[in-house]
Structures are given as C-alpha cells and as structure tokens.
Amino acid sequence: MESVSSPLRCFGECHTAEKYTDDGVETVTSVEQRKVERSIQEVVSVYKQIHSLPHTTAVFATMTEPTLLRDQHYQYLKKGLRHLSDAYECLDASRPWLCYWILHSLELLEEPVPTAIASDVCKFLARCQSPTGGFAGGPCQAAHLAPTYAAVNALCIIGTQEAYNIIDREKLLSFLFSVKQPDGSFVMHIGGEVDVRSTYCAASVASLTNIMTPTLFQDTPTWIVSCQNWEGGLGGVPGLEAHGGYTFCGMAAMVILGKEHMLDLKSLLRWVASRQMRYEGGFQGRCNKLVDGCYSFWQAGLLPLLHRALFKGGDSTLSLQKWMFEQQALQEYILLCCQNPAGGLLDKPGKSRDFYHTCYCLSGLSVAQHFGNMDLHHELIVGREENRLAPSHPVYNICPEKVAQAIQHFHQLPVPVPAQKEGSSACNTTTDHS
Amino acid sequence: QHGRVKLKSTAQQEEEKRKEREKKLKIYVAARDAIFTKRMEGVLDDEALQLTQQLLSSNPDFATLWNYRREILLHLETKMYEAELLFLESCLKVNPKSYGSWHHRGWVSARLPRPDWARELGLCDRCLSLDDRNFHCWDYRRMVVKMSGVPVDQELQFTDRLIGSNFSNYSSWHYRSTLLPLLHPESPDPPSPCHQPSHSSPPPSPQTHSHRVCEEQLLKEYELVQNAFFTDPNDQSAWFYYRWLLGRAEREEMISCVFVSREEERVAVAFSRPVNASSSGLMLVLDGQPQRVEWRSVHPHFRHSPVWICALPPGTISDIINEHNLTVHWTEKHTHRDSSFLSGRSELSVEKTSVLQSELQSCNQLLELEPQNKWCLLTIVLLMRALDPLGYERETLSHFQTLKEVDSMRSAYYGDLCSKFMIENTILKMEYAEVRVFSLSDKNLTMLCHLDQLLLVTHINLSCNQLLRLPPQFAMLQCLEVLEADDNAIENLDGLYYLPKLQEVSLKNNQISKLSDLQLLTSCPKLTCLDLRGNPVTQIANIQSELTELLPSVTDLLI
C-alpha cells in the first residue's frame with residue numbers, strides 16, 4: 001500500500017508544460033480547452049498557497065494535503081435520499097437512478113444506510129416496477145432498461161431479503177425478451193431507441209438475478225463488436241464516434257457475456273489511455289473534447305476490465321501494482337477540482353454539483369485508489385489515509401461483497417422459463433395498464 | 001442532466017423564485033397524475049396531448065410520455081404530425097441532447113406520407129452549427145440521409161464545409177471516413193471510373209461493407225487533408241485522419257509460409273496474422289491423404305499465434321529416397337499453401353507512386369517551415385516507407401533522431417518504431433538476396449518484432465543493440481541454428497523455447513543474472529555451444545559445475 005502525502009503531480013515543475021499548444025491558430029475547440037486549463041490552474045495555485053504556509057501545528061499539516069470532504073458529501077447524500085429540489089424535475093423519469101447514485105456513493109464512503117431508510121427505498125422501487133416486468137423511471141411509467149439497471153443495482157446494495165424479493169424475475173425476463181431485437185441489440189424500452197447502453201443494462205440485471213437463458217443474448221456480442229470503430233473505442237450504435245460512456249457499457253457487457261476477446265483490446269486500450277488529459281489529469285469523453293469528472297469512472301473504469309481481459313489472454317507483461325493510467329493524476333483532479341465545499345462532486349470547476357457526478361467521481365476515485373482483486377491488492381491513496389474509499393466491482397459498479405451476496409442468493413433460485421417470444425418491432429407501443 | 005447550463009440568481013430574488021418554483025412543481029405533479037389517470041382509462045384525446053406537451057417541455061427525458069404521445073398520434077389525424085415537428089423543434093432548443101426528442105422526431109418523420117427531408121437536413125445543419133460534436137444530431141442526420149437517398153457525394157461536400165470552418169472537428173472527419181468507402185469502394189478490377197452514386201441500389205451498411213476506398217479517390221483525399229495540416233500543423237484531427245488514409249491497404253489473411261523438416265518430421269506454418277489453429281480448420285494433406293495431426297502454438301503463452309507446429313506420424317517422410325507432396329489447407333479462409341517460399345508485398349501502381357511522391361514533397365516543404373513539428377516528421381517517415389523503405393533508410397534514421405529530440409517524451413516509442421522499421425528493411429534485404437541469414441547488429445534496436453516472418457532463418461545476429469529480452473515470440477524461429485546476441489542488456493530468455501535446430505548461442509556482455517534464467521535452454525536438444533562471458537551470472541559461486549549439470553550436452557561452455 002502506498003500513501004502519497006507529497007509531492008503532488010500538479011505542483012511539479014513540469015506540470016505547466018503539459019498545457020495545450022495551439023501554435024497561434026485558434027479554433028472553437030482550442031479556445032474552450034484553454035479556458036478549462038486556466039480554471040484548473042487557478043485551483044491548483046490556490047492549493048499551492050495553502051500548501052506553502054508553514055505547518056506549525058499538526059492541524060495545519062493535515063489541511064495542506066488533498067482531502068476528501070467526507071462529512072460534507074455524506075450530508076448532501078443523506079438529504080438527497082429523502083428530498084430533492086425542483087431542479088430535479090428533469091430527472092422525474094429517472095428516479096431509480098437517484099436511488100442508485102446516492103446509495104452507491106454512500107457505500108463507497110462506507111456510510112451505513114439506516115434500516116428504515118433502506119426499507120423505504122425498497123418500497124419505493126417496488127412501486128416503480130412495471131406489472132409487465134422491468135422497472136420504470138417512476139410509479140406508473142413504462143419500463144425502461146436504464147432505471148431497471150439502476151433499480152437492481154440499488155436493491156443489491158441494500159442487500160436484504162426484502163430488497164431481493166422485490167424483483168419479479170419471471171416478468172423481468174419477459175421484459176428483456178420484449179426489448180430484444182433480431183440483430184442482437186436491445187431497444188431501451190418498448191417503442192424506444194437502440195444503443196449499446198441497453199446491452200450493458202440487460203446483461204447486468206440478467207447476470208445478477210440469474211435469469212440468463214441460452215437465447216437471451218444471441219447475436220449480442222457480434223452487435224457490440226460492430227460498435228467498435230477505427231478509433232479503438234465504441235460508439236453508441238455502429239457508425240458513431242467512440243465515446244467513453246458507450247465504450248464502458250459495451251466492454252462491461254462483453255465481460256459479463258465472456259466474449260471480451262472478440263473486441264480489439266489493444267486498440268481499445270490505446271484509445272482509452274489517450275483520453276486522460278495531460279494537464280488536468282482527469283479524462284475526456286471523446287477526442288478533442290473537455291475533461292469531465294464523471295469520465296473518471298466511465299473511462300478509467302475500462303482499465304481494470306482491460307487489465308483482466310489481457311491477463312486472461314496470456315499477456316505476461318502486465319503490471320502487478322498499477323492500472324494502465326496515471327492513477328495519481330486522476331485522484332488529484334478529483335480531489336482538487338471536482339469537490340463542492342458544501343458537499344457533492346461535479347464535472348469541472350465552475351459547474352454545479354449533482355448526484356450523478358457525485359456517484360461517478362467517487363467511483364473513479366475508488367478505481368484510482370485500488371489495484372487488483374481479492375487475491376492481489378495494491379492501494380495508492382493520494383492525500384490523507386482517510387481519503388480511502390471502499391473498492392468497487394469493476395463490472396457492476398457496486399461493492400464486490402454486495403455482488404457476491406446477490407449472486408449467491410439468486411443462484412439458489414431456478415432460471416425462469418421464458419413465456420414471451422422475443423423482438424417486438426420498434427413501433428409497437430403497448431399500454432402498460434389494462 | 002449532462003451538460004445542462006444553470007443560471008445564477010441574486011440573493012434578493014431567491015425567495016420570489018422559490019415561491020415560483022413551488023407553484024410550478026405543484027402544477028407539474030398535478031399534470032403528471034392527470035396524465036396517468038387518462039392513460040389508465042385508455043383515453044387518446046387532444047387534452048392528453050396538451051398535458052404531455054406541458055410536461056415534456058420541462059422534462060423531455062420522460063420516455064413513458066413519448067410512448068403515450070405516440071399512441072395518441074396513431075389514433076388522430078396525420079395533420080397532427082406537422083404540429084409535432086414544430087413542438088419537437090422547441091424541445092430540441094431546450095435540450096438538444098435528449099434521446100427521447102430525437103428518437104421521436106425520427107419516428108414522426110418516418111410516418112409522414114411525404115416527409116420533408118430537406119427540412120430535416122436543414123434542422124441538422126442548424127443543430128450542428130451550434131454544437132458540431134452533438135452525436136445525437138449526427139446519428140439523426142445519418143438516418144435522414146439514408147431514408148431520403150441524399151447522394152453520398154453531397155454529404156461529402158457537407159463535410160468539406162464543416163472541416164473548412166473548423167479543422168479540429170473530429171466528428172466531421174469521422175463522418176467523412178464512413179462516407180468515403182461507400183462512395184468510392186475498392187473494387188477487385190483495375191481502376192474504373194469510381195463515381196457510382198448509390199441511388200439505384202440501397203446503400204450498403206458499414207458493417208457489411210469493406211472499409212476500403214478505391215485508389216483514385218484515396219489519392220484525392222490526401223490533398224484535402226494536406227490543406228488541413230498545412231493550415232494548422234499542430235491540430236491532431238487531420239493527422240489522425242491522414243494516418244487512417246495511409247493505412248487503408250490491408251493485408252490479406254493468408255498462410256504466408258510452410259516449412260517441412262524431414263529430419264524432425266514436423267511441419268511449421270506461418271500465417272499473416274495471429275490465429276487460433278485449433279479452432280480454425282487447419283488441415284494437412286500428404287500425398288493426397290488428409291493427416292490427423294495435433295497443432296500446437298509455438299509457445300504456451302499464446303492461444304493465438306502466427307506460427308503453428310505439428311508433428312507428422314513417425315516414418316511418413318523420413319525416407320530420403322521418395323518425393324512427397326505436402327499441402328496445408330486453411331478451410332476457414334478457403335486458402336491453402338504448398339510447401340514453398342512466399343513473399344507477398346503489394347506493389348504500388350505507377351500513378352499512385354507519383355502522387356505519393358508529391359505528397360512527400362509537400363510534407364518536406366512544410367518541414368522547412370516547421371522543422372520541429374513532430375506530426376510532419378512522423379508522416380514523412382510513413383510516406384517514405386510506403387514509397388521505398390530501403391531507398392529512404394538513411395533519411396528515415398535521421399528523422400527519427402530529430403523526432404527523439406523534439407518530442408523527447410516519446411523517445412521510447414520512436415526507438416521501438418525505428419527498431420520495427422529496421423527489422424522490416426532487413427527482412428526485405430534478406431528476401432531479395434534469397435538467403436537465410438539475418439543480421440541486425442548495431443541498429444539501436446530497442447525491441448524485436450515481425451518474428452513470424454523469420455521462420456526460415458538459420459543464422460541471426462542481434463549483437464550491439466539495446467534489447468532487454470528475447471520474448472516468447474522468438475520461439476517462431478523454428479529453423480534457427482546460430483544465435484549471436486552479444487552486447488545487449490538481455491536478462492530474459494523466454495523465447496528460447498523448444499528450438500529444435502539451435503546449436504550455438506552467444507550472449508556475451510548481457511544481464512543474465514540467475515541460473516534459473518537459463519533453465520529454458522534445456523528444451524533445445526541440439527545446443528552444444530554457449531558463451532556467457534560478461535554476464536553477472538558468471539560471478540555466482542560454482543557456476544561452472546552448476547551449468548554443466550543443467551546442460552550436460554553443451555560441450556563448449558565459455559564463462
């Protein structure tokens with residue numbers, strides 16, 4: 001285990017040399033990039049000033065190290081689970097996501113959720129479950145793969161019998177079949193759009209709840225492979241440019257289906273490694289775009305998956321201590337630039353906090369702190385030891401114990417027999433309530 | 001929620017706004033509950049449309065409501081669609097990145113009896129002018145182009161305009177890369193006029209269609225990209241696109257070489273890329289009779305390998321008197337190869353060569369203006385390799401020296417890349433001379449590659465380089481008899497694994513430090529001479545006797 005109290009990478013002499021050079025020819029892209037770098041530089045120089053104060057007392061010494069504002073984040077999350085302002089109106093169709101983002105953030109901070117609250121969350125998610133299977137964005141809404149993924153993850157985090165029993169596995173399986181397309185892809189909901197997020201959502205819930213049948217994911221790996229393009233990353237559908245969120249979904253789905261070697265892993269590795277920003281330390285979502293804290297998970301989270309896949313493929317040159325990205329730089333970006341002093345984390349300095357960014361910045365911080373698995377574990381904590389978060393499962397992004405517990409529970413139950421035929425056409429909208 | 005803009009308000013207006021928002025929230029919740037009630041009752045009327053419109057204006061991600069609206073619309077008159085398109089435009093103004101809005105617009109457009117695709121294209125143009133990286137819009141545009149049969153060359157002109165105004169726009173280059181192979185596909189016949197617009201037949205989808213582009217158009221494309229990097233030599237987008245263009249000639253998948261050893265009764269097969277022969281349908285035919293053999297990869301580390309080996313049943317070809325005919329069939333790819341030499345290198349057509357020459361000239365002109373520009377230097381190196389790797393060898397080495405100076409952070413990468421090119425050149429020289437001796441001494445090699453092309457080499461000299469190891473791939477040199485690798489920094493001999501013909505090994509002045517490093521040498525049955533002078537391992541106590549015990553058949557041991 002390594003604890004880095006100093007020196008910080010962003011304090012180094014060579015750090016300013018990493019800034020973007022436009023060679024005197026400005027474009028919209030280059031102007032935006034430099035604005036971001038200027039704001040990062042300001043943040044870093046403020047920290048430097050604090051750092052250079054004489055540490056005469058123990059209190060001062062601890063203040064100069066990058067610190068995760070645990071208490072503030074905890075208060076922000078605790079409140080959010082119960083009450084959200086009207087600014088969250090735009091997420092009225094994504095309420096299970098809010099449950100998952102908040103619960104996962106709390107488990108990373110190793111803050112327990114009181115039994116009463118956990119039970120209330122279960123009851124709420126039960127109301128979000130559709131009578132025809134799957135979970136919707138809120139009560140009375142149509143089932144959708146994204147809130148389904150979030151609801152199942154949230155219930156697995158809670159991990160009680162009550163939580164597991166909420167999920168109607170038979171209906172969930174028929175929901176998955178109803179959104180399955182003949183070419184191997186899935187639509188996000190009946191009457192909805194296709195993209196690679198759907199394969200991850202489907203594979204995640206099916207594997208956790210043990211409802212995988214031999215035909216459910218037929219042709220899905222081939223479809224996912226067709227989303228990988230010449231850049232090395234994956235786009236949302238075949239033909240689109242490579243994007244961090246979609247790439248994570250595609251890769252994680254392939255890992256669940258055991259088909260990760262059908263992808264060109266070397267070019268994927270090359271693409272994602274190039275997405276870490278040399279000055280900021282965080283990741284961008286696509287080539288020539290700006291850094292964003294949430295990609296700390298979507299992009300950096302690909303490296304544990306790639307590490308394991310390459311290891312399985314017989315590569316003996318892999319490190320036994322570090323992932324193939326700059327872990328220290330990412331932690332510095334998150335701790336110095338992505339925390340709201342009142343609690344919650346964010347995209348980049350100047351942006352507002354929200355629970356989505358809180359979840360994925362913390363998830364990325366956890367990835368950067370922990371290398372390895374159960375047998376081989378190496379930690380690298382930037383700043384104080386108290387910054388340490390719990391490790392997260394690289395495929396499902398909930399804590400590994402919760403994954404193991406859920407799988408163990410659901411594997412005692414038999415796989416349901418599929419009643420419905422697969423592949424409704426995209427234009428068929430059925431009423432959910434009869 | 002990703003990428004939404006939030007407005008700040010002063011403290012004074014805070015309370016007023018809070019009351020406003022509470023009121024709004026009450027209205028929202030009331031409307032939502034009313035909608036669900038209507039839906040449960042199966043009502044499909046104008047009021048439901050009004051209510052869902054209200055809600056979707058503030059939350060366009062509400063997929064359920066879009067579904068409900070679709071049900072209502074199916075029920076009502078088609079003329080409602082027109083109003084829907086207007087409504088969708090305002091939704092897209094609020095949030096141009098809403099999945100629901102774009103999908104719904106696509107659905108509406110497809111249902112109109114006479115869709116106005118020109119208008120849809122105009123919408124895409126406007127959206128992209130506000131944010132030319134919006135992939136929702138790019139995807140929608142692709143759908144519009146496909147549905148309306150917009151000629152691909154028109155779209156190509158569109159990318160011309162976008163690229164012209166912002167060279168950094170990666171999305172435009174990317175879109176262009178998908179259009180080119182459709183408009184100018186590579187055909188197996190010699191260059192025919194490559195302008196066949198695709199209205200007569202449905203455009204092939206990117207998945208089923210090869211990504212190759214016909215030569216004539218490829219060369220024109222170089223010109224466009226050149227404009228881009230001349231304008232801004234430090235913008236990566238153009239250089240990456242250029243490199244993609246240069247890489248369009250893909251090597252065919254095939255068996256490149258078959259080697260048969262009478263003495264050891266084994267066959268070695270080399271492929272143009274790593275394969276898994278155990279699942280790949282590899283069949284051996286001897287004198288017209290298929291043989292049942294077991295294929296193994298050259299090193300246990302590799303499930304996929306370019307070289308595979310099998311042992312023939314004893315006695316089948318060991319007799320020197322008779323002639324035998326042996327063929328290897330790769331049934332998966334419907335190709336086969338007889339036991340013979342092959343060098344498959346595609347020659348450039350005269351036309352192409354002259355254009356690449358002018359490319360090289362242009363880049364050299366740029367280099368005079370920008371002597372420190374690494375993109376330019378690297379591209380010049382790639383062009384020289386495409387034209388005449390041996391002829392430009394000296395200039396290439398000099399450019400790599402400059403590259404290491406101007407871009408010192410990547411000097412290791414340049415070291416490795418230069419090593420690869422030097423190895424390629426040596427392979428070319430070896431093939432032209434038709435010899436099986438391979439000399440790479442004193443070439444600043446930092447790594448080894450293309451070892452799959454050295455299956456037939458009997459003597460190899462790697463002395464005076466900067467190698468750290470003989471990697472597992474080295475086991476592909478199945479015919480190697482003599483290995484010279486003095487004066488390197490080798491500490492790992494993983495690749496000296498079951499080399500059946502290896503007799504002499506010279507490893508003077510390297511970094512072999514433990515007896516266990518030499519363990520693998522026991523797998524080489526014919527090894528008789530071993531020179532380990534100048535290695536730390538020779539300082540170990542009793543090293544002479546330990547080595548004699550480990551390798552009893554090595555009669556000529558120098559430490």
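## Exercises on a helix pair and a sheet

In this predicted model, helices H6(B) and H7(B) cross in a left-handed way. Let's work through this pair, and then turn to a sheet.

**Exercise 1.** Work out how H6(B) and H7(B) are oriented relative to each other.

*Solution.* 
- Step 1: Find the helices. H6 covers residues 117-130 of chain B, and H7 covers residues 135-148 of chain B.
- Step 2: Look at their axes, which come within 10 Å and cross at roughly 160°.
- Step 3: Angles over 145 degrees count as roughly antiparallel, and therefore H6(B) and H7(B) are roughly antiparallel to each other.

**Exercise 2.** Describe the residues that make the contact between H6(B) and H7(B).

*Solution.* 
- Step 1: On H6(B), the contact residues include B:Trp117, B:Leu121 and B:Cys124.
- Step 2: On H7(B), B:Trp138, B:Arg141 and B:Val144 are among them.
- Step 3: Sort the contact by class: 11 residues are nonpolar, one is polar and three are charged.

**Exercise 3.** Find which strands stand at the edges of the four-stranded open sheet in chain B.

*Solution.* 
- Step 1: Write down the strand order, E1-E2-E6-E5, with antiparallel pairing.
- Step 2: Pick out the strands with a single partner: E1 (255-261) and E5 (295-297) of chain B are the edge strands, so one side of each has no neighbour in the sheet.

**Exercise 4.** Trace the pairing of E1(B) with E2 of chain B.

*Solution.* 
- Step 1: E2 spans residues 266-275, and its antiparallel pairing with E1(B) runs over six bridges.
- Step 2: Follow one bridge: B:Ile255 has B:Phe271 in E2(B) as its partner.

Note on methods
Residues are numbered from 1 along each chain as its sequence is written. Chains are lettered from A and ligands numbered from 1 in the order in which they are written. This is a predicted model: local features need pLDDT of at least 70, side-chain atom pairs count only at pLDDT 80 or more; totals for chains, interfaces and linings use all residues. Side-chain values use heavy atoms; hydrogens and water are left out. Two strands pair if DSSP finds at least two bridges between them. Helices (H or I, at least four residues) and strands (E, at least two) are DSSP runs, numbered from the N terminus. Axes are lines fitted to C-alpha atoms, for helices over the stretch in contact, and angles run from 0 to 180 degrees between N-to-C directions. Angles under 35 degrees count as roughly parallel, over 145 as roughly antiparallel, 65 to 115 as roughly perpendicular and the rest as oblique. A crossing is left-handed if the near helix is turned anticlockwise from the far one by less than a right angle, and right-handed if clockwise. Contact means heavy atoms within 4.5 Å. Ala, Val, Leu, Ile, Met, Phe, Trp, Tyr, Cys and Pro count as nonpolar, Asp, Glu, Lys and Arg as charged, and the others, Gly among them, as polar.
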